[in-house]
Amino acid sequence: MKKLSIISVLVMSVIVWSCSDVRRSPGKTYMPDMGYSRALETYAPYDTLAKQGIKYNRLPVAGTIKRNELLPFPLTADKAGDTANYIAAMQIANPLPALNAVQMKEAERLYLVNCGICHGTALDGNGPLYNGGNGPYAAAPAKLVGQAKYENMPEGQMMYSVTYGRGQMGSYASQLSTTQRWMIIHYVKSKQGGGKQQPAAKAAPADSAAAVKDPGTGPGTGPQSTADTTKK
């Protein structure tokens, strides 16, 4: 009888202990970052994430664009040896309407900062890197003004070249936003053909006017947070 009582007490103790809401061991979590998400405030600095073991590449989510920004260039880069999309780019018109004086001044600034070092301030292909053959770059850059090939190049092909790179020129997609690249093309075209401003595209997207109102934002002009992106 005494033995049975002892067993009963032990069983009851185990049951009471098991029903307790106090966990004496948290157990093991296979993927703690999935089980316990770490909150991050908008615009918070990211310099401490690496120290916490959080891997973050700071790139926007695929398929998102910055608020009031134009849609990305619709064609992808051609594979090596292929020119299908480069040729197809001839049919793409500049979605931005003709720039006013203030916008054209900003487009000129963007050109001088990003393009003038090679193509020259006068768009004559004689920038500081070439410097009449005496600069550090031996190959003469394209003459955007005064060379028939580039005078007659459609805006879409220019955009393809600036976006993905062409020949010796690399891509400027990381330095310039879509809007800024189209603005620079407006500026280049305004200097070609005797300096006559090209007419705006007839079927410009509805958001093109809004996008050009704030040309100073985007890559190369200031910080850009992924929190400012919106799904289209």
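The model is predicted, with a mean pLDDT of 80 for the protein chain. Of the chain's residues, 77% reach a pLDDT of 70 or more. Residues 198-207 also fall below 50, and this stretch has 13 contacts in the model beyond near neighbours in sequence.

**Lys-105 and Glu-108**
- A salt bridge joins the side chains of Lys-105 and Glu-108, at 3.5 Å from N to O.
- Both residues belong to helix α4, which spans residues 101-114.
- Lys-105 and Glu-108 are three residues apart in helix α4, so about one helical turn separates them.
- Lys-105 is exposed, because its relative accessible area is 56% and the cut-off for exposed is over 50%.
- Glu-108 is partly exposed, with a relative accessibility of 23%.

**Arg-109 and Glu-106**
- Arg-109 and Glu-106 form a salt bridge in which the closest N and O atoms lie 2.8 Å apart.
- This pair also sits in helix α4, where a spacing of three residues places Arg-109 and Glu-106 about one helical turn from each other.
- Arg-109 has a relative accessibility of 38% and counts as partly exposed.
- Glu-106 counts as buried, because its relative accessibility is 16% and buried means under 20%.

Methods
Residues are numbered from 1 along each chain as its sequence is written. Side-chain values use heavy atoms; hydrogens and water are left out. pLDDT is the predictor's confidence in each residue, from 0 to 100. Contact means heavy atoms within 4.5 Å. A salt bridge is a side-chain nitrogen of Lys or Arg within 4 Å of a carboxyl oxygen of Asp or Glu. Helices (H or I, at least four residues) and strands (E, at least two) are DSSP runs, numbered from the N terminus. Buried means under 20% relative accessible area, exposed over 50%, partly exposed in between (1.4 Å probe, protein chains only).
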